[in-house]
Amino acid sequence: MLIIELLNLLSRMAHSGVHKDRGELRIHENLDELGTDLAEYIAELSEASVKERGVFTIAISGGSLIGLMGRLCEAPYNKTVDWAKWYIFWADERVVAKTHADSNYKLAKDGLLSKVPVLPSHVNSINDSVSAEEAADDYEFHVRQLVKTRTINVSDISDCPKFDLILLGMGPDGHVASLFPNHPVLDEKDEWVTFITDSPKSPPERITFTLPVINSASNVAVVVTGESKAEAVHLATDDVGADCLSLPARLVRPIRGKLVWFLDKLAASKLDGSQFSE
Ligand SMILES: O=C1O[C@H](COP(=O)(O)O)[C@@H](O)[C@H](O)[C@H]1O
């Protein structure tokens, strides 16, 4: 068993690298390998957090990420992960009913949460019966209560929540959570959760964690697949011109935490390539 784990690790390391402060890049041959590595990564962080603090606070996103987390619902993880210790949050949510096809909650419920024994009271979804502004305020208030009781850890350098793990996807335009290119919310410094009513991607009304919260997490993973996102991956992680420095995905830089990019070969196809060894 140990030898197999070592071989797996070596094969993974052959396609990974660390790019200065823009994080670790893990490049996978296909979606299957990416899904396996992602499940193992999440399970390891869960185990470490539960050991250290008795809980695991994880914020998820919507989109393709949820399907890529599917391995967690299978053996061994469905049995070995301490699901009762998980507290689940959303890094962003669309302001629609929880039963709506666009709801990130519904996506996660159908694809993941209904298949594992998480406690319903630990699933921290948004209030879907109020305006976007109120939903953001409510969600921030709720997160503040859980920081006060230290269910969610607190940053060592600010009053920000320090989630054990924030999982992000990325759009072809470089957006993460519901932080879109050139949007004023990228400059938000005080709020933990904010709202937008003009999302360039439907639906227009959303709430989102702000960059200070994302960058205060202990661990952030950005999970990106497909050729349509290759250019944005390059702009977010390679040495590029000053005009790309404000791409939302490039602004993800945990201050004290660890950043890992999970990529398939297609998403990695436009990387400069000099920063990782084959
Ligand atoms: O609208 C959103 O898009 C991003 C990216 O989605 P993907 O399907 O291209 O992976 C997602 O991470 C975010 O949570 C969602 O609201």
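What is the order of the strands in the open sheet of 7 strands? In this predicted model, local features need pLDDT of at least 70 and side-chain atom pairs count only at pLDDT 80 or more, whereas totals for chains, interfaces and linings use all residues. Residues are numbered from 1 along each chain as its sequence is written.

The strands of the open sheet follow the order S1-S2-S12-S11-S8-S3-S4, and their pairing is mixed; strands (E, at least two residues) and helices (H or I, at least four) are DSSP runs numbered from the N terminus, and two strands pair if DSSP finds at least two bridges between them. Strand S1 (16–18) and strand S4 (86–90) stand at the edges with a single partner strand each, so one side of each lacks a neighbour in the sheet. Neighbouring strands of this sheet are turned against each other by 20 degrees on average, direction ignored, where axes are lines fitted to C-alpha atoms, for helices over the stretch in contact, and angles run from 0 to 180 degrees between N-to-C directions.

Strand S11 (residues 219–224) runs parallel to strand S12 (residues 258–264), to which 6 bridges join it, and Val223 has Phe262 of S12 as its bridge partner. Helix H2 (residues 31–53) packs on the sheet, where its contacts include strand S2 (24–28), strand S3 (56–60) and strand S8 (165–168), and its direction makes about 160 degrees with that of S12; contact requires that the C-beta atoms of two residues, placed from the backbone, lie within 7 Å.

Over residues 31–261 the chain is 29% helix and 17% strand.
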